[in-house]
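Me: I would like to learn how to read a structure like this one, feature by feature. Can we start from the overall layout and work towards single residues?

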Amino acid sequence: MSKRLTLTLLAGLLSVAGAQSAQDIVNKVDAAQKAAKDVSFRLSGNASFDSAAQKIDLTVKAIPAQSLARVQFMAPDALADNVIVADRTEIRQYMYLTNQITVTSAQKAADQAGLGLDFTQLTNTASMLARYNVKLLGTTGTAGKRVYQLEATPRTGGGDSSRVWITEAGWRPTRIQLLSGGKTIADLTVSSYKVNSGVTATAIRQLPKDAQIIRQ
């Protein structure tokens, strides 16, 4: 459950004045991410899995040019202080309670999650969404402050989908919803969004040196 949630969030994340289509907006977001040396933000809200409500709170730091990202959990309690580091080749998941690092190839991690994501494209919105049908659901706000609501559904079908709200002020996500069978299973807010704040690859990759390594 936690791995599926993490990858879906990462998928949802690693998602104009006068924009006429969803693709125009996706391209703007993609261009803004690629132009940034580094990106960081907080994702928080609530989710419901297996009929149990949970609080979600995590931070994301990424260097788009290197397809490098770090996710660190504060909530739910079962994942608190766990860290996931993803790059073009592998996913490293640090489990705080056991002091272990599970290493999985990027493709294998995507296949296990059942999402078909290419983790080499985590910071390339346009390429990652190539496997999804994306449509524009609505627009709110005035020029310069418009917010666009997009919906992405897998081209392979199924009852899962994601909704993302994008602000044209910086071309970044402000809210994400995950839906399954027409029901909202997660509603998350993006906050503390920063670009070019000096995040380094060394800081993103840092994990406890004394942790046990388990390769899958």
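Me: How many helices and strands does the protein chain have?

Reply: This is a predicted model, and the protein chain in it has five helices and 12 strands.

Me: How should I read the confidence, and what is the mean pLDDT of the protein chain?

Reply: The general idea is that pLDDT gives the predictor's confidence in each residue, from 0 to 100. Here the mean over the protein chain is 82, and 80% of the residues reach 70 or more. Over residues 14–19 the pLDDT is below 50, although the model gives this stretch 28 contacts beyond near neighbours in sequence. Residues 113–120 also stay under 50, and for them the model has 23 contacts beyond four places in sequence.

Me: Which elements have the lowest and the highest mean pLDDT?

Reply: Helix H1, residues 2–13, has the lowest mean, at 52. Helix H5, residues 201–205, has the highest, at 97.

Me: What share of the 216 residues is buried?

Reply: Buried residues, those under 20% relative accessible area, make up 46% of the 216 in the protein chain. The accessible surface comes to about 10500 Å², and carbon and sulfur atoms account for 49% of that area.

Me: Which residues touch the most other members of the largest nonpolar core?

Reply: That core has 29 residues, and Leu58 and Ile166 touch the most other members. Apart from it lies another core, of 11 residues, which includes Leu68, Tyr94, Ile204 and Leu207.

Me: Now the strand pairing. How many bridges join strand S7 to strand S8, and how do these strands run?

Reply: Strand pairing is read from the bridges, with at least two needed for a pair. S7 (residues 132–140) and S8 (residues 147–154) are joined by eight bridges and run antiparallel.

Me: Which strand does S8 pair with through six bridges?

Reply: That is strand S9, residues 160–167, which runs antiparallel to S8. Here Leu150 has Val164 in S9 as its bridge partner. S8 and S9 also form a hairpin, with five residues between the strands, and Gly157 takes a positive phi near 95 degrees in it.

Me: How many salt bridges does a search of the whole structure find?

Reply: It finds eight. For each one, look at the distance, then at where the two residues lie, then at how exposed each is. Take Asp57 and Arg42, whose side chains meet at 2.5 Å, N to O. Asp57 is in strand S2 (residues 52–63) and Arg42 in strand S1 (residues 39–49), so the pair ties together parts 15 residues apart in sequence.

Me: Is Asp57 buried or exposed?

Reply: Asp57 counts as buried, at 6% relative accessibility. Arg42 is partly exposed, with a relative accessible area of 34%.

Me: What parts does the salt bridge of Arg205 and Asp87 tie together?

Reply: The closest N and O atoms of Arg205 and Asp87 are 3.0 Å apart. Arg205 lies in helix H5, while Asp87 lies in the loop between strand S4 (83–86) and strand S5 (90–95), so the pair ties together parts that are 118 residues apart in sequence. Arg205 is partly exposed, at 43% relative accessibility, and Asp87 is buried, with a relative accessible area of 10%.

Me: Which residues are linked with Lys135 in a network of salt bridges?

Reply: The network links Lys135 with Glu151 and Arg163. Within it, the side chains of Arg163 and Glu151 meet at 3.0 Å, N to O. Arg163 is in strand S9 and Glu151 in strand S8, so this pair ties together parts 12 residues apart in sequence. Glu151 is buried at 11% relative accessibility, whereas Arg163 is partly exposed at 25%.

Terms used. Residues are numbered from 1 along each chain as its sequence is written. Side-chain values use heavy atoms; hydrogens and water are left out. A nonpolar core is a set of buried Ala, Val, Leu, Ile, Met, Phe, Trp, Tyr and Cys residues joined through side-chain atoms within 4.5 Å. Buried means under 20% relative accessible area, exposed over 50%, partly exposed in between (1.4 Å probe, protein chains only). Helices (H or I, at least four residues) and strands (E, at least two) are DSSP runs, numbered from the N terminus. Accessible areas come from the Shrake-Rupley method with a 1.4 Å probe; for residues, only the protein chains shown count as cover. Contact means heavy atoms within 4.5 Å. A salt bridge is a side-chain nitrogen of Lys or Arg within 4 Å of a carboxyl oxygen of Asp or Glu.
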